[in-house]
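Subject: Handover of a structure and the findings from it

Dear colleague,

Please find below the structure that I am handing over to you. My notes on what was found in it follow directly after.

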Amino acid sequence: MKKVDYIVVGGGFAGLFFVHQLIKNNKSFILVSDRKQSASEVSGGVVNPIVLNKFTSFWLGNEQMTFLKTTLSEIQNYLGKDYFEQKPVHRILHDDNEKQTWLEKSKLDELSDYLSPEFLDFTSVINPYGIGEVLQSGRIAVSTFFSDFYSYLDKNNSYFNATFDFNHLNVNDKTYQNIEYQNLVFSEGIRVLNNPYFSNLPIIPSKGHHLSVKLSEPITEGGILKKKHFFFPMENGLYYAGGTFDRNSTDESIMDDSVNALKESIEEIYPHPYSVELVEVGLRPTLTDRRPTLGEHPQHKNMYILN
């Protein structure tokens with residue numbers, strides 16, 4: 001029987017970033033994931049220190065930004081790539097009131113490092129009230145990050161490509177199939193709702209749609225655009241438009257209203273024809289306080305959730 005320090009179930013951002021800490025601290029582990037229903041892998045990967053509808057910082061914003069960049073730098077040491085692309089977020093302003101609010105918020109000590117007081121005017125998008133620039137932002141190259149990380153785990157025999165089967169889990173003996181573990185960590189995302197040990201948590205599914213679109217005319221200015229939704233170029237030459245927050249739906253079906261809302265948000269800022277090449281959907285696990293879910297099971301010691 002194979003013995004490991006950790007079994008990690010689920011391989012979205014939470015699972016892989018936790019696995020990185022295990023690699024960093026020389027812990028043995030197996031990651032179990034079938035890579036299905038991952039909201040992380042269809043996300044835009046935008047790293048943004050500001051709540052863009054209120055122009056405020058978020059919980060532990062500075063600490064999270066610093067820790068993320070440090071973590072990605074450490075991952076670069078063994079994956080060989082820098083997956084963080086430093087890019088400003090360009091917030092297209094809705095009206096003069098919003099512009100004035102931005103200017104006032106940019107003078108606050110806690111926001112002055114992030115909100116530029118200088119407004120921009122782009123020629124290739126519609127922006128009658130100007131554009132505010134969010135500094136120290138960017139995005140993770142989502143597709144290559146996941147494909148490279150999983151390839152690394154596979155080569156090191158640390159990845160079990162399968163759906164976790166609770167029928168093969170013995171919590172008393174601390175075994176799963178032919179693996180004996182010391183600690184079991186669930187980072188399953190929305191699948192935690194079907195986890196018999198953590199299904200009582202107040203997780204709220206939040207469905208998100210995004211579009212991959214092909215533009216007929218290029219957007220000449222760089223950065224990540226945001227008015228109602230994010231809009232930016234991806235590695236494959238298409239543009240990402242998303243994502244929506246649809247709290248009244250818990251399946252992965254495509255909703256026409258959400259797709260139309262994304263099209264309308266594109267047409268508010270992009271004055272040329274475009275074509276929708278792909279529609280993708282992900283289910284996010286959210287809480288009302290918008291914080292992570294982290295803790296040990298009250299009855300089963302050495303069983304944890306990290307979501």
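Helices and strands are here DSSP runs numbered from the N terminus, a strand having at least two residues. In these terms, S33 belongs to strand 2, which covers residues 29-33. Please note that this is a predicted model.

I begin with S33 and its surroundings. With a relative accessible area of 8%, S33 is buried, since buried means under 20%. Its side chain makes a polar contact of 3.4 Å with the side chain of Y150. Setting aside residues up to four places away in sequence, S33 touches G10, G11, Y150, Y159, F160, N161 and A162. Y150 also has a charged group over its ring: the charged end of R35 sits there, 4.1 Å from the ring centre.

I turn next to the aromatic rings. A pair of aromatic rings is described by the distance of the centres and the angle of the planes. Rings count as paired if their centres lie within 6.5 Å, and by this rule there are 20 aromatic pairs. One of them is formed by F13 and F17, which are stacked, with 5.9 Å from centre to centre and 15 degrees between the planes. Both residues lie in helix 1 (residues 13-24), four residues apart, or about one turn of the helix. F13 is buried, its relative accessible area being 16%.

The pair of F164 and F186 is edge-to-face, because the planes of the two rings stand at 90 degrees, with the centres 5.7 Å apart. This pair links distant parts of the chain, 22 residues apart: F164 is in the loop between strand 10 (159-161) and strand 11 (169-170), whereas F186 is in strand 13 (residues 179-186). F164 counts as buried at 10% relative accessibility, and F186 is likewise buried, at 1%.

Ring pairs also join F13, F17, Y78, Y83, F145, F146, F149 and Y152 into a cluster.

Two lysines deserve mention. K87 is found in the loop between strand 6 (84-86) and strand 7 (89-92), and K87 is buried, with a relative accessible area of 15%. Apart from neighbours within four places in sequence, K87 is in contact with S137, G138, G223, I224 and P233. The C-alpha atoms of K87 and K54 are separated by 21 Å, the two residues being 33 apart along the chain. The other lysine, K226, lies over the face of F230, at 5.5 Å from the ring centre.

Finally, I report on the spaces within the structure. The second largest pocket holds about 240 Å³ of space. This pocket is lined by 16 residues, of which S143, M234, E235, N236 and E280 are the closest to its centre. Helix 4 (142-155), strand 14 (204-215) and strand 18 (274-286) are the elements that give two or more residues to this lining. Helix 4 provides the largest share, three residues.

How many cavities of 30 Å³ or more does a search of the whole structure find? The search finds two. The largest cavity has about 40 Å³ of space and is lined by K227, K228, H229, F230, F231, A241, S265, I266 and I269.

With kind regards

How values were computed
Residues numbered from 1 in each chain as written. Predicted model: local features only at pLDDT ≥ 70, side-chain atom pairs only at ≥ 80, totals over all residues. Heavy atoms only, no water. Phe/Tyr/Trp six-rings, centres within 6.5 Å; stacked < 30°, edge-to-face > 60°. Buried < 20%, exposed > 50% of the residue type's maximum accessible area, 1.4 Å probe, protein only. Lys NZ or Arg CZ within 6 Å of the ring centre and 35° of its normal. Polar contact = N/O pair within 3.5 Å; in protein donor to acceptor, adjacent residues only side chain to side chain. Contact = heavy atoms within 4.5 Å. 1 Å grid on protein atoms, 1.4 Å probe; cavity = no way out; pocket = protein on both sides within 12 Å on 5 of 7 lines; lining within 4 Å. Points joined across faces, edges and corners; volume = space filled by probe spheres on them.
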